[in-house]
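Thanks for coming, everyone. Please look at the model on the screen while I talk about rings and helices.

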Amino acid sequence: MLELRATSLAILASVDYQTKVSQLLHLFDEYQQQQVTLDISGVLDSQDLTLPGRPAKPELVLPKLVPKRRMDTPEGRAGLLHSLAHIEFNAMNLALDAIWRFPNMPQQYYEDWLKVAKEEAYHFSLVNEHLKSLGFTYGDFPAHNSLWEMVERTTDSVIARMALVPRTMEARGLDAVPMIRDRFKQIKETRAVEILEIILNDEIGHVLIGNRWFNFLCTQDHLSPIATYRELAEKYRAPVLRGPFNIEARQRAGFTSEELTLLGAS
């Protein structure tokens with residue numbers, strides 16, 4: 001039988017994105033059918049692997065070198081969708097990384113991140129299929145690697161990972177996606193709007209999972225979530241968050257009133 005964490009590592013290392021998505025969906029289905037075991041205590045070795053596995057394209061560049069995405073041309077709109085596809089591809093990888101890398105968490109932790117990985121794969125497929133309908137595909141535009149860079153910084157600490165990836169980097173999507181959706185609404189690109197609605201709804205759940213496990217770890221070690229987040233953000237060089245913030249989505253994603261006040265959001 002397959003083992004969940006070891007198989008997640010193998011899928012993470014897969015280079016071809018279609019293979020990665022297919023294998024991940026298969027793993028999710030088999031786990032739901034109780035055909036996959038889970039060893040929470042196993043310490044896995046990625047020394048001989050290049051993580052994450054990714055195709056030769058897109059070319060990765062500094063964020064400032066990613067071209068601005070204008071909505072008044074087909075290529076500009078496709079470039080914006082491509083940036084979303086890249087985010088979802090990285091989010092799929094980070095969920096797989098959260099599964100294999102951190103041992104001795106509760107079973108629900110691994111099941112939560114498997115669900116996130118499956119939904120991120122679905123989002124990636126939705127966006128890429130729409131890109132293809134416009135005559136483009138994933139890899140056709142340059143992209144930056146900021147999300148995965150934070151994953152790499154937090155390989156030594158599960159609490160840092162939960163604090164700074166889902167509830168910091170990914171939570172920015174809760175603020176950004178509605179604005180992107182509204183830009184597509186203005187030009188009446190209905191399919192893009194539908195996809196972005198799906199992504200926004202699911203991402204609230206993903207950030208909620210990050211909040212749940214961050215707070216679990218704080219409670220377990222008798223830590224203050226507010227003080228601990230501040231310390232981790234400084235130690236791991238998290239980006240300073242600036243508004244506007246989607247307060248409603250962040251509340252649904254489990255941020256407390258105190259946290260939102262500290263953001264300057266309320």
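Tryptophan 213 is buried, at 5% relative accessible area. Buried means under 20%, exposed over 50%, and partly exposed in between, with a 1.4 Å probe and protein chains only. Phenylalanine 216 has 30% relative accessibility, so this residue counts as partly exposed. Both sit in helix H7, residues 190-220. They are three residues apart, which means about one helical turn. Helices here are DSSP runs of H or I, at least four residues, numbered from the N terminus.

A word on the source. This is a predicted model: local features need pLDDT of at least 70, side-chain atom pairs count only at pLDDT 80 or more, and totals for chains, interfaces and linings use all residues. Residues are numbered from 1 along each chain as its sequence is written, and side-chain values use heavy atoms, without hydrogens and water.

Now, how many aromatic pairs are there? The count is nine. Rings of Phe, Tyr and Trp (its six-membered ring) pair if their centres lie within 6.5 Å; planes under 30 degrees apart are stacked, over 60 edge-to-face, the rest tilted.

Take tyrosine 17 and phenylalanine 124. Their pair is edge-to-face, 5.3 Å centre to centre, with 75 degrees between the planes. Tyrosine 17 belongs to helix H2 (residues 17-32) and phenylalanine 124 to helix H4, 107 residues apart. Tyrosine 17 is buried at 14%. Phenylalanine 124 is buried too, at 2%. Tyr17, Phe89, Phe124 and Tyr138 form one aromatic cluster.

Technical notes:
Helices (H or I, at least four residues) and strands (E, at least two) are DSSP runs, numbered from the N terminus.
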